[in-house]
Amino acid sequence: MILDRSHYYWALATLSMALASTALFWIYAQSVPNGPRGGTWQGMLFGVAGTACMTYAGLLAGRKTVPKWRVGTAQTWLRGHIWMGLLSVPLILFHCGFRWGGSLEQVLLVTFAIVVFSGIYGLALQQVLPRLMSTNAPAQAIAPQVHIACEKLRQSIEVRLQKVCGAVFLDPLSPVAVHNEYSPERELAAFYWEQLAGFLESDASRQHDLSNPTLASARLSRLKESVPEALRPVVEELQLACDERRQLFSQMTIHHWLHGWLCVHVPLSITLLVLGMLHVIMSVYY
Amino acid sequence: MADPRRLKSIASRYDLEVTRHRDPWLTLRSRLSYIFALGSIVACLPWLLGDHRAFQSRCVSDAHRVFEQNCQNCHDRSLVPLRRMMTFDNTIHSTSDKKCRVCHRESNEDHLSPSITGETHPLSKWLDGADEISDGRYEALKQRLQAHFSELGCAGCHQEHRGHLQLADVADAHCSKCHSTAHDQVSPRRFELNFSEFGHHPEFALWRNRDQTPTVPAVEHPNPPLVKWDGVNPVDQAAIKFSHHRHLDPQLPIPGGKTVALGCVDCHQSDPSGAYFRPLTFEQDCQRCHKLGFPSTGELPHSKPEIIRGILLDRLAKHRDGKRPAAADELGGPTKAPIPAIKINSDAQPSLATLKPELEKLEQQLFAVLHPKTSNERPRVTGLLEAACTKCHFTERTDGAGEAWKVIPPRMPAQWMSHSRFRHDRHSSVDCQACHTRNGHRMDTVPREQFYPVLKDGWKESVSIYASESAQDVLMPRIEICRQCHGHGSTPGSRSVGDRCVDCHAYHHTPMTSESRPGIAELLKAGRQGRRDAKRAEPATGAAP
């Protein structure tokens with residue numbers, strides 16, 4: 001989610017509530033012997049407020065599972081997720097009185113810190129990476145179907161080359177074919193099978209020679225020079241296919257960065273909610 | 001170059017059955033979430049089923065570590081935190097006083113407990129002096145405070161789960177909650193009740209002059225009987241004669257023609273606790289150099305006048321027939337002339353009437369003859385048996401039949417500043433003279449040798465203990481001496497010099513005796529015995545129809 005003007009009121013409300021709770025905490029901290037603790041009624045109220053914020057933030061995942069429910073737009077939930085999650089930080093710190101607490105509380109605080117920082121990290125990535133992806137990979141595909149896009153790309157190129165090269169396309173490197181005279185179709189087909197086919201595979205290596213745009217451009221330019229005028233549009237199509245495959249590589253890299261942090265953020269958020277509930281039950285009972 | 005994708009149909013690039021292709025990141029995320037959720041529940045099971053230590057907000061104090069595995073060992077009221085939050089009342093605790101007293105059987109003596117507001121407690125006169133408070137506010141205040149302390153309970157001040165801190169380490173705020181505001185509610189004012197930290201602590205009552213602090217009349221403080229003001233300084237009212245100057249002479253002559261340099265600890269020896277000093281006794285601290293009696297009386301015990309009279313009578317009766325040998329002087333001092341024999345009919349038993357003149361003469365020597373004021377020079381020790389009672393005590397003649405003389409009790413307090421507590425052993429790094437000076441102010445740095453052999457006129461006004469020639473000097477420190485080290489801020493558990501209320505003051509005044517505090521071992525023993533009895537009772541119960 002991009003932080004834009006639509007977040008203005010959310011940010012303002014969060015800041016106001018954070019300042020108000022800070023003032024309340026200051027008054028509270030002055031009034032209790034031995035300093036603020038989670039066990040006082042003031043501390044517990046901070047805890048309840050913080051837990052409510054965290055729970056609301058955690059409900060985003062539940063909201064996604066029932067997109068048809070008319071309980072606010074996904075955008076609103078995501079904004080709430082961000083700002084309520086951030087508001088929970090001072091509230092939880094006020095609840096624990098800036099102390100580590102016991103073993104469970106320490107685990108909770110560490111988990112909470114990782115969740116918050118991973119969330120901020122993810123939010124920061126989302127401000128940069130989607131634009132970077134649009135710039136660097138205009139030929140981006142649906143992420144889960146990148147391998148299908150690669151396969152389709154390879155098939156389309158092969159169909160095109162078979163149409164142009166004819167029978168020689170299928171076996172351009174056989175001894176019989178090599179023994180015959182030079183033919184641009186065979187040159188084209190040989191280039192494809194020797195270099196391009198492997199690059200267009202969905203499981204192609206990023207270390208492939210054609211991943212380097214300069215090298216790819218040089219080789220395709222030389223091929224273009226060696227074929228007659230009639231075949232040059234075909235070479236240009238091969239060049240476009242190379243570019244597209246390279247963009248798909250970039251897209252996957254950016255996609256990993258854009259979604260990798262969620263593998264930390266989401267499971268630890270679940271852990272936080274489970275342990276938090278345990279903490280609440282034991283604390284309220286005793 | 002035109003983007004050829006635009007020329008392609010979507011179908012040519014993707015599989016339109018999107019749901020068949022789940023994002024691997026999403027799959028990984030879901031699996032990790034399930035694993036983490038289940039993992040956290042499984043990891044918490046041992047804690048839920050038995051060992052509750054992980055749920056503590058912080059570990060309990062060291063003394064309570066044996067109970068910490070099960071919350072219910074102390075928390076006998078459930079859902080109290082919820083009630084605390086709903087009622088906005090932090091005085092509700094999930095641990096009842098009853099639970100505390102399972103082990104802590106000593107009574108919860110506080111400022112206002114009926115058993116402590118007796119004759120001995122400093123607040124007793126204040127609380128029971130209803131006649132001095134005509135407007136009836138006393139009763140209301142007393143009831144309110146009693147209700148407050150009762151509601152507060154043990155856990156009100158002794159807050160657990162603060163790490164390894166001692167529970168007795170109570171924060172100042174618990175005290176200052178009342179002591180910073182009660183000055184408007186209590187009349188007449190007996191104590192300073194308008195300060196909240198050591199920096200604002202008033203001068204010790206011992207040193208408060210009525211003229212300087214008119215709002216807190218020092219004369220009404222329990223301590224003043226020990227001292228009276230001569231206009232400038234308090235005068236120790238102890239009925240004793242003693243010169244620290246004389247006894248701290250670095251060349252103090254002792255019997256045998258030798259000299260010794262006594263230090264404070266030669267007489268003031270710490271008690272077993274190390275906090276204070278054991279009371280000074282004649283036998284332990286004086287007798288080595290000052291044997292009570294004269295050659296004419298023989299050595300006498302440091303005892304009551306009537307016992308002394310009995311001993312003297314006994315000795316007179318035993319030697320009625322002839323010359324009594326002079327008492328041996330261990331140091332070979334000049335032999336006194338033998339006491340003239342009392343001419344008594346040897347056939348008759350000596351009666352009190354016949355011995356009385358001689359007895360009175362000896363008693364006069366012991367109880368009435370004042371020791372000549374010593375000169376400024378060092379005394380010469382000629383013999384041990386040269387000390388009468390009047391060397392140290394004040395005496396007066398009585399008309400009683402059993403005793404003719406009475407020694408005025410010295411009225412030396414076992415502890416000065418009875419509202420406070422002090423640990424001398426924790427101040428052993430500081431010289432005694434640094435705190436104990438003649439007027440409570442800071443010590444001057446004149447070396448000890450300057451005061452001897454003769455106390456020059458210029459040094460007589462010195463605050464040093466070496467210039468103290470009289471027992472009337474009050475040698476207790478003022479608060480300014482404490483503030484040289486204390487009062488610069490400290491927090492519970494910190495290593496800085498303490499300046500909190502509990503560092504010097506006690507709330508529970510009753511000492512913990514072995515009778516009142518049975519100890520953990522006895523409780524455990526009782527618990528084991530109880531379990532054994534229960535086991536024995538089980539088969540019997542089972543066999544019953």
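## A guided tour of chains A and B

Begin with chain B, which contains 16 helices and 8 strands; helices (H or I, at least four residues) and strands (E, at least two) are DSSP runs, numbered from the N terminus. The model is predicted, with local features requiring pLDDT of at least 70 and side-chain atom pairs pLDDT 80 or more, while totals for chains, interfaces and linings use all residues. Residues are numbered from 1 along each chain as its sequence is written, and chains are lettered from A and ligands numbered from 1 in the order in which they are written.

Of the 545 residues in chain B, 17% are buried, that is, have 20 or more other C-beta atoms within 10 Å of their own, with C-beta atoms placed from the backbone. Among contacts in chain B with a separation of 6 or more, 58% join residues 24 or more positions apart; a contact requires C-beta atoms, placed from the backbone, within 7 Å.

**The A–B contact.** Select next the 44 residues of chain B and 41 residues of chain A that form the contact. On the chain B side, α1 (10-13), α2 (24-49), α3 (80-87) and α7 (172-179) each supply at least two residues. The most come from α2(B), with 10 residues. By class, this side of chain B has 20 nonpolar, 12 polar and 12 charged residues; Ala, Val, Leu, Ile, Met, Phe, Trp, Tyr, Cys and Pro count as nonpolar, Asp, Glu, Lys and Arg as charged, and the others, Gly among them, as polar.

**Helix α2 of chain B.** The 26 residues of α2(B) reach 38 Å from first C-alpha to last, close to the expected 38 Å; the expected span is 1.5 Å times one less than the number of residues. Centre on B:Ala43, where α2(B) bends by about 25°, with B:Pro46 following within four residues. The bend is the angle between axes fitted to the seven residues ending at a residue and the seven starting there.

**Helix α4 of chain A.** Move to residues 103-136 of chain A, where the 34 residues of α4(A) reach 47 Å from first C-alpha to last, close to the expected 50 Å. At A:Gln126, α4(A) bends by about 35°, and A:Pro130 follows within four residues. Buried positions of α4(A) include A:Leu104, A:Phe112, A:Val116 and A:Gly122. Their cover includes α3 and α10 (262-285) of chain A.

**Helices α1 and α3 of chain A.** Finally, select residues 8-31 and 74-96 of chain A: the axes of α1(A) and α3(A) come within 10 Å and cross at roughly 10°. The contact includes A:Trp10 and A:Phe25 of α1(A), and A:Trp83 and A:Phe94 of α3(A). Its residues divide into 11 nonpolar, 3 polar and 1 charged.

Key. Axes fitted to C-alpha atoms, helices over the stretch in contact; angles between N-to-C directions. Contact = placed C-beta atoms within 7 Å. Buried ≥ 20, exposed ≤ 12 C-beta atoms within 10 Å, placed from the backbone.
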